[in-house]
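Subject: Structure handover

Dear colleague,

Here is the structure for your files. My notes come after it.

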Amino acid sequence: MQAVEQLIAGHQSITLTDTNKRYHSKGPALPLLLINNAYCEAVVALQGAQLLEFTPHGSKPLLWLSPNANFIPGQAVRGGIPVCLPWFGVNQLDPEKPKHGFVRNRDWQLSRAETTAGGATQLTFLFTYAQLEPELFTFPFSVELVVTLSDAIGLQISTTNSGAAAMPFSWAFHSYHPVSNLSAVRIEGLESKRYLDNTRGLAAAIQDGAISFQGEVDRVYENVASTQVIKSTPAISVTGENCDSAIVWNPGADNAAAMADIGASHHKQFVCLERGAALNNAWTLSPGEVRVSRLTINAISQ
Ligand SMILES: O=P(O)(O)OC[C@H]1O[C@@H](O)[C@H](O)[C@@H](O)[C@@H]1O
């Protein structure tokens, strides 16, 4: 595998930097790729292949990065788009295991950097789980994530079951989006859908109208339509393919105050509208099977 410096050499729109330089964090730094191309400015961490920032030129940011985010090697970073797998949320078989799997706080490998004919940036990241850590997950797998940065965010994730047994797998793109006024925000596109309510022990309910945020919201919607829209300024459209679940999360005032990397009243700055395959939509991949899912996130001009 080539070094990151070699892979980005010749791409003027891609620079290698780190969290100490960009975010004034202290201690060991996380490497970052800074993108400034014809369409947007973006920041991606190699840890977790996590897009941290994305701002189309002349527009507002489409991702929220917590002002209190910690940038510590091996720890999840609060904001952007963490990639959560090979299980979503609390592990249903063993709640003691780390929440949201274990790839969001591991290093991924940059395997390709390209500039398209139109001037977009395409970064390909790989995570291979071959050295099994049986206390975590007993199935070997690999994931390839292609991040395309134009005036929209394009994500394509290909998951391969590299083992000889059927593999249970659940996951999410855990996207954090900024909102201008939380009490006025609505999420459309999930009306009449069944959801499991994490604030009530995963009790099932049916969504009545658009989603609004009057307190903590933590819901997993099943078998959703391809597109949802966050009605805020800017309005943000999220369109998925082969990601049948949508997760909507905002911690509310009390939980946010208790979370050091969010902090009091910062819950008003964002909502999470995540897409993936969770709970009843979780996958079972046959030996050798590859599944491809896509997500597009863009601002809607109003
Ligand atoms: O603090 P974490 O591990 O990043 O998780 C944040 C939230 O992520 C959401 O996806 C879950 O539905 C919530 O239950 C959870 O609290």
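The notes below cover the ligand shell and then the sheet.

This is a predicted model, in which local features need pLDDT of at least 70, side-chain atom pairs count only at pLDDT 80 or more, and totals for chains, interfaces and linings use all residues. Residues are numbered from 1 along each chain as its sequence is written.

Around the ligand stand Ala76, Gly89, Lys99, His100, His174, Asn198, Asp218, Ile247, Trp249 and Glu274 (near means that the C-beta atom, placed from the backbone, lies within 6 Å). This shell has 3 nonpolar, 4 polar and 3 charged residues (Ala, Val, Leu, Ile, Met, Phe, Trp, Tyr, Cys and Pro count as nonpolar, Asp, Glu, Lys and Arg as charged, the others, Gly among them, as polar).

An open, antiparallel sheet is built from 8 strands in the order β6-β7-β8-β9-β22-β18-β17-β13 (strands are DSSP runs of E, at least two residues, numbered from the N terminus; two pair if DSSP finds at least two bridges between them). β6 (109-115) and β13 (186-188) are the edge strands, each with a single partner, so one side of each has no neighbour in the sheet.

β6 and β7 are joined by 6 bridges, with Gln109 partnered by Leu126 in β7. The two strands form a hairpin with 5 residues between them, and Gly119 in the turn has a positive phi of about 100°. On its other pairing, β7 meets β8 (residues 141-149) over 9 antiparallel bridges, where Thr128 is opposite Ser142.

Regards

Conventions:
Helices (H or I, at least four residues) and strands (E, at least two) are DSSP runs, numbered from the N terminus.
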